Amino acid sequence: MSSSVFSAAEPRSAAPADQWWRTAVIYQVYPRSFADDNGDGTGDLAGVRSRLPYLRALGVDAIWFTPWYASPLADGGYDVADYRAIDPAFGSLAEAEALIAEAAELGIRTIVDIVPNHVSDQHRWFRAALAAGPGSPQRQRFWFRPGRGRHGELPPTDWVSPFSGGTWTRTVDPDGTPGEWYLHLFAPQQPDLNWNHPDVRREHEDVLRFWFDRGVAGIRVDSATMPVKDDTFPESAHQHAPGDHPYVDRDGIHDIYRSWRAVADSYDQPRMLVGEIWLADRRRFARYLRPDEMHTAFNFDFMMHPWDSGGLRECIQSTVEAHGLVGAPPTWVLSNHDVTRPVTRYGRPDSSFGFEARRFNTPTDLALGRRRARAAALLSAALPGSLYLYQGDELGLPEVEDGDLPDESRQDPMHLRSDGADPGRDGCRVPLPWTTSGPSYGFGPGGRTWLPQPTWWGRYAVEAQAGDPDSMLTLYRAAIRLRRTEPALRGEVFAWVTGQSEHVIAFRRGENLLCLVNFGADVPLPPHDTVLLASGALDGDTLPTDTAVWLRI
Ligand code: GLC
């Protein structure tokens, strides 16, 4: 067996404590669906506080909360009405402060979500803009434009929203006549902010300080490539050279994050920024991670890849190389609140992820998906960098699909605005099962849940898995424990190991840890001292298909 280190960097030791984010395991909480303390069917901060011991036992270093601020929840909280208030459905600011402090006592850091591209149409700025009318200074904080056509009856551009449909909505003037249009790349309830306006910049820096002052350790930056617009509003948004798209990845964007980084660095214990950056071009992606910008970004390329050794190997290689250009640590992401759960995805004939490809009634082999999701868990947990884990993936929850989510229960604008063609994202947001039976499977005392739980949900409950050596939860707990205890996994040394079948991904961490993932027919295990962890039963010294193993060598 030969090995080659392609990273030019000298082997580095474990990250110093103030760079915890380089190797952290970060657990994503979708507060609405995690745990419901007051029994109203919606998860809340008191529910999270009561479950902190669970997260501590899982071994995570940090929690990323999707937006918990005051919001009409037109897009699950990504329509923020007030960053300085917690939505009453979730609790109060005092509870958020208590939660941050209690988590910190357990050694768990808190990351909050900031959504610079837009606010809620109920935000005080937008209400003031509508009330003040055309030409007013209040409207300058957004993108209000007259329509095209003789009577302004056509939208200023024909851009298509990621939520389907157009990106402009016409307003009604205070005197009742049809007025200007405003831009919303997402839903009409999410008007886009004008980042050329000094108020917009100042306000976001204040919001960062507001949360950093409360002990928050990091910020997840939502839709991070989109806030800066071409203010000439060209009609078409298709086919652009890098940096020349009217609203994705324009060069002016970096200035914003440099100023955010300065705010983050102004604290004694510097705070971190992680970007939601969907960009196929790895070099453009890496620009966001330059030393004076964000610290890390989600690796969606890895998440979207089908279950295939060649493609995933290339993706890992290009990930490490692109991050090496700027000295940033990679992240490894298998899912989040926007995408189909891995157990379901990997059980499909096409196991890649794409928003446009989602359809109802897609045939799925869940046993196959589970086997692969377990192997993917060990693959991602063994790679150098930080690991993101979306709530419920540690339980191996499948996507809740089709008849299990009746049409009238669906709430995601991606579904509602697609005329029902796209199932949307509700299927990965169903409230978690904590107990095998009982009202709402232990989610809350009232038995109500904001999305219906399927009848088979109890099988996946924490209670069912906690003592089961073969459960997904046991696997995740063991993997995260080893990430803490094995120096090889805490360091950044990574080397491909060649000489294996092309269907096997094999790499070494540190000097003595080998990770193998077999995508093809059974293969013999290479010589080793101990099996540290395997995602499925090993057949003697054979690694079966769709199985991963960590070996001490
Ligand atoms: C991000 C969020 C997603 C939200 C969108 C608009 O992609 O992850 O949930 O709908 O931004 O804010």
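Glutamine 453 is placed in the loop between α12 (413-416) and α13 (462-465), where helices (H or I, at least four residues) and strands (E, at least two) are DSSP runs numbered from the N terminus. The model is a predicted one, in which local features need pLDDT of at least 70 and side-chain atom pairs count only at pLDDT 80 or more, while totals for chains, interfaces and linings use all residues. Residues are numbered from 1 along each chain as its sequence is written, and side-chain values use heavy atoms, with hydrogens and water left out.

With a relative accessible area of 16%, glutamine 453 is buried (buried means under 20% relative accessible area, exposed over 50%, partly exposed in between; 1.4 Å probe, protein chains only). Its side chain makes polar contacts, defined as pairs of N or O atoms within 3.5 Å; within protein, one atom must be able to donate a hydrogen and the other to accept it, and residues adjacent in sequence count only if both atoms are side-chain atoms. The side chain of glutamine 453 reaches the backbone oxygen of proline 431 at 3.1 Å and the backbone oxygen of serine 440 at 3.2 Å. Apart from residues up to four places away in sequence, glutamine 453 touches Val430, Pro431, Leu432, Ser440, Tyr441 and Phe443, a contact being heavy atoms within 4.5 Å.

Asparagine 518 lies in strand β17 (residues 513-518) and is buried, at a relative accessible area of 0%. A polar atom of the asparagine 518 side chain is 3.4 Å from the backbone oxygen of proline 544, and the side chain also reaches the backbone nitrogen of glycine 520 at 2.9 Å. Beyond four places in sequence, the residues touched by asparagine 518 include His503, Val504, Val523 and Leu543.

Two further strand residues were examined. Leucine 389, in strand β14 (residues 386-390), is buried at 3% relative accessibility. Neighbours within four places left aside, leucine 389 is in contact with Ile26, Tyr27, Gln28, Leu58, Glu394, Tyr476 and Ile480. Valine 497 belongs to strand β15 (residues 494-497) and counts as buried at 9% relative accessibility. Valine 497 and arginine 508 are 11 residues apart in sequence and 6.5 Å apart from C-alpha to C-alpha.

The whole structure contains 0 disulfides, a disulfide being a pair of cysteine sulfur atoms within 2.5 Å. For cysteine 315, the closest cysteine sulfur is that of cysteine 515, at 15 Å, which is too far for a bond. Cysteine 315 is buried, with a relative accessible area of 2%, and cysteine 428 likewise counts as buried at 2%.

The ligand is surrounded by 14 residues, the closest being Asp75, Asp222, Glu276, His337 and Asp338; a residue is near a molecule if one of its heavy atoms lies within 4 Å of it. This shell divides into 3 nonpolar, 4 polar and 7 charged residues. Oxygen atoms of the ligand are found 2.9 Å from a polar side-chain atom of histidine 337, 3.1 Å from a side-chain N or O atom of serine 223 and 2.9 Å from a side-chain N or O atom of arginine 425. Taken alone, the ligand exposes 310 Å², of which the protein buries 95%.

Methods. Areas by Shrake-Rupley, 256 points an atom, 1.4 Å probe, with all protein chains shown as cover. Nonpolar A, V, L, I, M, F, W, Y, C, P; charged D, E, K, R; others polar.
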